[in-house]
Amino acid sequence: MRYNRQMAVLAQTHIVATPDTMSGAPRIAGHRIRVQDIVFWHLKQGRGIGQIVDEYRLTPAEVHSALAYYYDHVDEIEAAFEADRNAAQEMAAGSPSLLTPERIAAFRQSLNG
């Protein structure tokens, strides 16, 4: 068999980014699952590919495409993680928890009678 010397794109595109969906974050086509979500579940939480496929009704190819996208865009995705962490910290600082240690202790004591 002889191959054409011109380059052909063979991979199916599973990753899309549209400005009006998920704030333009790269995501699985046809889903609201970001590449960042797949990376978090698999690399940071240690969930297996099969578990992610089953839980979120994805194909193995979609999950692997998200991971491949991550490895091609590590700085971009890690910056998104950092932005999310900063946003969570700002939100927490502006809305302190009502569950103070004193309230937790009082609740526990009320359970013990």
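Mentor: Start with helix α1 (residues 35-44) and helix α4 (residues 74-94), which pack at an angle of about 90° with their axes 10 Å apart. Axes here are lines fitted to C-alpha atoms, for helices over the stretch in contact, and angles run from 0 to 180 degrees between N-to-C directions. That makes α1 roughly perpendicular to α4; angles of 65 to 115 degrees get that word, under 35 is roughly parallel, over 145 roughly antiparallel, and the rest oblique. Helices (H or I, at least four residues) and strands (E, at least two) are DSSP runs, numbered from the N terminus.

Trainee: Is this experimental or predicted, and what was counted?

Mentor: This is a predicted model, where local features need pLDDT of at least 70, side-chain atom pairs count only at pLDDT 80 or more, and totals for chains, interfaces and linings use all residues. Residues are numbered from 1 along each chain as its sequence is written, and side-chain values use heavy atoms, with hydrogens and water left out.

Trainee: Which residues in α1 and α4 meet?

Mentor: From α1, Val-35, Gln-36, Val-39, Phe-40 and Lys-44 meet Ile-77, Glu-78, Ala-80, Phe-81 and Asp-84 of α4, contact being heavy atoms within 4.5 Å. By class, that contact of α1 with α4 has six nonpolar, one polar and three charged residues. Ala, Val, Leu, Ile, Met, Phe, Trp, Tyr, Cys and Pro count as nonpolar, Asp, Glu, Lys and Arg as charged, and the others, Gly among them, as polar.

Trainee: And at what angle do α3 and α4 cross?

Mentor: The axes of helix α3 (residues 60-72) and α4 cross at roughly 100° and come within 5 Å. That makes α3 roughly perpendicular to α4. Tyr-69, Tyr-70, Tyr-71 and Asp-72 of α3 meet Val-74, Glu-76, Ile-77 and Glu-78 of α4. The contact of α3 with α4 has five nonpolar, no polar and three charged residues.

Trainee: Back to α1. Which of the residues of α1 are buried?

Mentor: Val-35, Gln-36, Asp-37, Ile-38, Val-39 and Trp-41. Buried means under 20% relative accessible area, exposed over 50%, partly exposed in between (1.4 Å probe, protein chains only). Their cover includes β1 (15-16), β2 (27-28), α2 (49-56), α3 and α4. After α1 comes Gly-46, with a positive phi near 80°.

Trainee: Switching topic: how many salt bridges?

Mentor: The count comes to five, taking a salt bridge as a side-chain nitrogen of Lys or Arg within 4 Å of a carboxyl oxygen of Asp or Glu. One of them joins Asp-37 and Arg-34, with the closest N and O atoms 2.7 Å apart. Both Asp-37 and Arg-34 are buried.

Trainee: What else does Arg-34 form a salt bridge with?

Mentor: Asp-84, the closest N and O atoms being 3.5 Å apart. This pair links distant parts of the chain, with Arg-34 in the loop between β2 and α1 and Asp-84 in helix α4, 50 residues apart. Asp-84 counts as partly exposed because its relative accessibility is 36%.

Trainee: Where do Arg-85 and Glu-82 lie?

Mentor: Both lie in helix α4, three residues apart, about one turn of the helix. Arg-85 is partly exposed at 43% relative accessibility, and Glu-82 is partly exposed at 36%.
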